[in-house]
Structure formats: C-alpha cells, structure tokens
Amino acid sequence: MKTNFPILFLALFLFQISCKEAPKEPLPPPNIIFIMTDDHANNAMSAYSTKLIETPNMDRIGKEGIKFTNSFVTNSICAPSRAVLLTGRYSHLNGLRDNRDHFDGNQMNFPKILQQTGYQTSVVGKWHLKTAPTGFDYWNVLIGQGPYYNPKMVENGDTIDHEGYTTDIITDLALNYLEKRDTTKPFCMLYHHKAPHRNWMPHPKYFDLYKDVELPLPETFYDDYSTRSKAASDQDQRIEHMYLSHDMKLLPEDWGGGKDPGTGGSGGSHDAGPGHVASMNRLTPEQRAAWDAHYDEVRKYFRESNLEGKELLEWKYQRYIKDYLRCVKSVDDNIGRVLDYLDENGLTENTLVVYTSDQGFYLGEHGWYDKRFMYEESLRMPLVMRYPTLTKPSQTVEKMVLNLDFAPTFLDLAGAAIPTDFQGQSLKPFLENETPDDWRSSFYYQYYEYPHGWHLVKKHYGVRTETHKLIHFYDDIDSWELFDLQADPNELNNVFGQENFAEIQSNLEKELAQLKKDLKVPEG
Ligand code: CA
C-alpha cells in the first residue's frame with residue numbers, strides 16, 4: 001500500500017496543534033450582574049416563543065452567549081426561590097419553605113463568600129425575604145412586594161421615597177451604584193425586578209401596545225383536569241376568579257358596588273376593591289391622568305358589554321395577558337440600558353450577565369395564572385448567560401439546570417471554594433462549551449404553602465427526569481401523578497398506575513427515594 005507522506009505529515013502536524021494545551025492561567029474574577037425578574041414565563045420571552053412578545057434585550061444576552069432550554073426551580077414561589085439562589089441549598093435546609101417564613105440571614109450565602117474573596121457585592125430591587133440583606137456592601141431594596149409606581153425603598157437601612165415607575169427606578173439605582181463603585185474590585189450585583197409580578201401595572205408608554213390585537217389562547221386554556229388529582233381541580237388560580245379591581249383595574253362602580261366578585265386566589269376571603277382604590281390614590285396627578293385616559297375606556301367597555309360566561313372569561317384573559325406583557329416590555333427596555341452601560345464602559349468582555357426569573361408562570365395554560373405547581377409552565381424559567389471571555393455566541397444548553405446551581409457557579413468563576421453543603425452544580429463547564437459526563441439526569445422538587453397563603457395549591461413533591469415526571473400531592477390528600485413528557489408535554493394525561501408505565505413508575509419511585517436521601521429531605 002502506498003503511503004501518501006505529505007498528507008500523513010499534515011495530519012500529524014494538525015494533530016499536534018490540536019493536542020497542544022493552551023496555557024491554563026487562571027482567569028481574573030469576572031464581574032457578575034445577576035438579573036432576575038419575578039414571575040416571568042418562558043412563553044413571554046421571544047428567545048423561547050414568539051407568539052406573544054418581542055424581548056430583544058433579554059434575547060441579546062442569549063444570542064451573544066448561552067440559552068438554557070431546560071432551567072428549573074426547586075420550589076416555585078417567590079421568596080423560597082430567592083433563598084435557594086442565595087444559599088445554594090434546598091428550602092428544607094435553608095429554612096424558608098414558603099412566603100410566610102423569615103429568611104435567616106446568619107446562614108452562609110454566596111455573596112458573603114464573594115466579599116471574602118475581594119468582591120464588592122450589591123443587591124438592588126426586589127428582596128422579599130423579610131429580614132435585612134446580609135453579605136452585601138450595598139443594598140437598596142423594595143419593602144415586601146413593592147408597588148409598580150412611586151416605591152419606598154430601603155437603602156442600607158434608610159427608607160427613601162421615590163417617584164416614578166418602579167422598573168425604571170430600580171435600573172436608575174443599579175446604574176448609579178455601578179457608577180460610584182470601587183473600580184479596584186470586581187463587582188457582583190443582584191439586579192432584581194418586581195415586574196412582572198401581579199398586579200401587572202404597565203408604564204403609560206405601553207398602554208397602547210396590543211390595543212387592537214387579540215392574543216391567542218393557549219392550547220390548554222379550557223383544561224378540565226379530568227385525569228389528574230383534586231390538587232389540579234381544587235386550586236384557586238383560575239383566570240375566571242381574578243379580581244375585577246386589582247387584576248382587571250375596574251372600580252367598584254363598574255360592577256355595581258359592593259364586594260369585588262372575584263376570589264382572586266384568596267379562596268374568597270379577601271375583598272380587593274378598597275385596596276385597589278388605595279393603590280390608585282398613590283399615583284401622582286399626572287400618572288393618574290394617564291392611567292384614567294387608558295383604563296376609563298376599558299371600564300366603559302366592561303360596563304356596556306354585560307359580558308358573561310365564556311365571553312367574560314376570555315375578556316379577562318386578554319386584559320390579564322396584555323398588562324402582563326406590557327410590564328415585561330419595560331423590563332426588557334431597562335435590561336437594554338444595563339447592557340448599553342456595560343458596552344459604553346468597557347465592561348462587556350469581563351462581566352457575566354445572567355438573566356432569569358424567580359420561577360415560571362401560567363399565562364392562561366390550564367386556565368390559570370400564578371405558579372406553585374410542579375407542572376412545566378411554573379417549574380421552568382428563562383435562563384440566558386453571557387460572559388464573552390468564556391462563552392461563544394449562540395450556544396444552547398439542553399441539560400437540566402436548577403436555580404440551586406447559581407451560587408456554585410458564581411463561586412467557581414470567582415475562584416472561591418464551593419462549600420460542601422451547597423447542593424447545586426457549577427454551570428462553568430457549560431460556559432466553556434463543555435458538557436460534564438456526570439451531569440444530573442433527574443431533580444427533586446417540593447412546594448409547601450398550603451393551606452395558608454394564596455391560591456390553595458396543595459403541598460407536593462416529586463421528581464423530574466428528561467422524559468418523565470412523578471408528583472405526590474400530600475397533607476390533606478394522598479394522590480400521585482405521572483406524566484410522559486415526550487408524548488404529553490402539556491401534562492394532560494396522568495398515567496400513574498397504568499400497567500404499561502409500571503416499570504417507569506417503579507424506577508421513578510426509586511429515584512425519588514434516592515434524591516430525598518441524598519438531599520437530606522426530612523421524613524414525613
Ligand atoms: Ca415570583
């Protein structure tokens with residue numbers, strides 16, 4: 001056999017080049033901007049779905065870096081998600097299981113470790129953990145949920161009144177702080193929006209967005225929950241139950257006075273009408289004039305059309321989804337301001353920018369709003385990351401990642417040791433375009449807020465793999481659900497107990513038991 005020497009030499013030469021290791025010098029610690037919104041569903045971000053909205057600035061982060069297509073929360077509700085983010089540990093270990101709990105700020109969190117390694121740390125915007133932030137050199141946060149207009153904020157302990165639209169104000173404060181930061185240190189900023197949390201009050205400049213447009217109903221809008229447990233049918237988060245005041249922005253005279261006829265997710269115990277009138281009264285005269293110019297038309301339509309049944313329900317959906325999306329649009333604009341700031345100040349290359357939400361949300365799927373369930377719409381959230389020193393443009397990661405992974409990722413990038421009791425995995429390999437062989441193929445979820453609080457979603461825990469999901473609803477119920485996510489992505493067909501799923505069910509039950517053991521989930 002004749003050997004082709006020139007080709008052989010060329011092949012050997014190329015092989016040598018490809019084997020030559022680039023000298024591995026440790027990278028300087030990156031700046032970190034962790035952008036988190038509240039209740040932003042994947043379906044309301046155009047990187048994931050273009051049916052409802054364009055979000056060019058959020059999308060830009062993913063286009064210039066990585067889009068994660070399977071990012072999940074371990075307990076789908078606001079404050080618990082934030083506690084997991086900070087501590088890198090599940091709710092049953094960080095002690096914050098539902099929105100009523102107070103966060104124990106004495107425990108370890110990742111900002112404290114970053115401080116020790118020389119970072120300047122800050123949090124601006126929504127905090128929602130009841131106790132004062134710990135581990136931050138600078139904090140300037142909303143009180144509780146915070147309003148959409150004219151918020152009071154607490155700056156390192158001092159309460160200050162602000163006038164304007166909260167999404168804009170949080171961004172102004174974040175950029176002001178970046179301007180005056182200590183430039184000799186890397187920074188880590190948590191820049192956290194209140195929007196698009198309920199009750200979805202848009203900026204006046206977006207009142208006309210979607211004005212003459214009918215948005216599509218999701219496929220599962222008229223779900224009848226027929227194969228599922230009573231947990232799915234007995235919740236109180238159906239769009240038909242939304243408040244006419246707080247959610248639809250009507251006034252008592254529009255429905256003829258008296259108690260607001262919606263239950264709003266409170267099981268009917270709470271009349272939101274007076275609270276809504278009070279929130280209108282906090283607007284400045286200019287804001288109120290702009291508000292009335294838009295909503296008077298909505299109110300007039302409602303009074304004159306005498307909507308009932310399906311027509312009323314679909315009108316409520318349109319009202320809800322449009323105000324929600326208008327709020328998202330303001331967030332997207334403000335993220336654009338932050339990205340511009342990084343560009344203009346030469347910070348883009350060495351700054352990790354993360355965009356995510358504290359959990360997902362129902363945009364009419366299953367007839368719902370809100371979150372809490374382990375079903376897909378509230379279990380998953382958007383996640384895009386850009387760090388041009390490591391990431392390449394337009395990477396996509398399909399592996400399952402969790403909000404538990406953020407803390408170890410930031411410490412890993414900063415070159416700090418990751419505490420052994422942190423339960424997530426660093427995402428740094430994905431930033432380097434590598435997929436670890438031992439990446440997770442399943443994860444554990446648990447939700448606790450029942451019967452107290454809002455929406456009456458029963459307590460449950462479960463396991464999700466790349467193809468299936470097993471859920472156990474417990475407490476005042478003992479019901480299991482099993483879904484084949486590939487055949488039934490909308491989770492309409494509970495196959496628990498069916499003979500042809502027996503082996504899968506048995507494997508999931510074993511996996512669930514193992515995860516509970518590994519993660520130190522208390523019995524009972
Ligand atoms: Ca939330």
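Predicted model: local features only at pLDDT ≥ 70, side-chain atom pairs only at ≥ 80, totals over all residues.
Residue numbers start from 1 along each chain as its sequence is written, and side-chain values use heavy atoms, without hydrogens or water. Local features need pLDDT of at least 70 and side-chain atom pairs pLDDT 80 or more, while totals for chains, interfaces and linings use all residues.

**View 1. Domains 1 and 2 set side by side.** Domain 1 is made of two stretches, 31-200 and 325-437, and domain 2 covers 230-321; such bounds come from an automatic or database domain assignment. Their centres, taken over C-alpha atoms, lie 30 Å apart. Each domain brings 24 residues to the contact (heavy atoms within 4.5 Å).

**View 2. The surface that domain 1 and domain 2 bury between them.** About 2000 Å² is buried here, 50% of it on carbon and sulfur atoms (accessible area, 1.4 Å probe, lost on putting the two parts together and summed over both). Look on domain 1 for Asn199, Trp200 and Tyr369, which lose the most area to domain 2 and together make up 29% of what that side buries.

**View 3. The salt bridge of Asp247 and Arg198.** The closest N and O atoms of this pair are 2.7 Å apart (the cut-off is a side-chain nitrogen of Lys or Arg within 4 Å of a carboxyl oxygen of Asp or Glu). Between domain 1 and domain 2 the count is 1 salt bridge.
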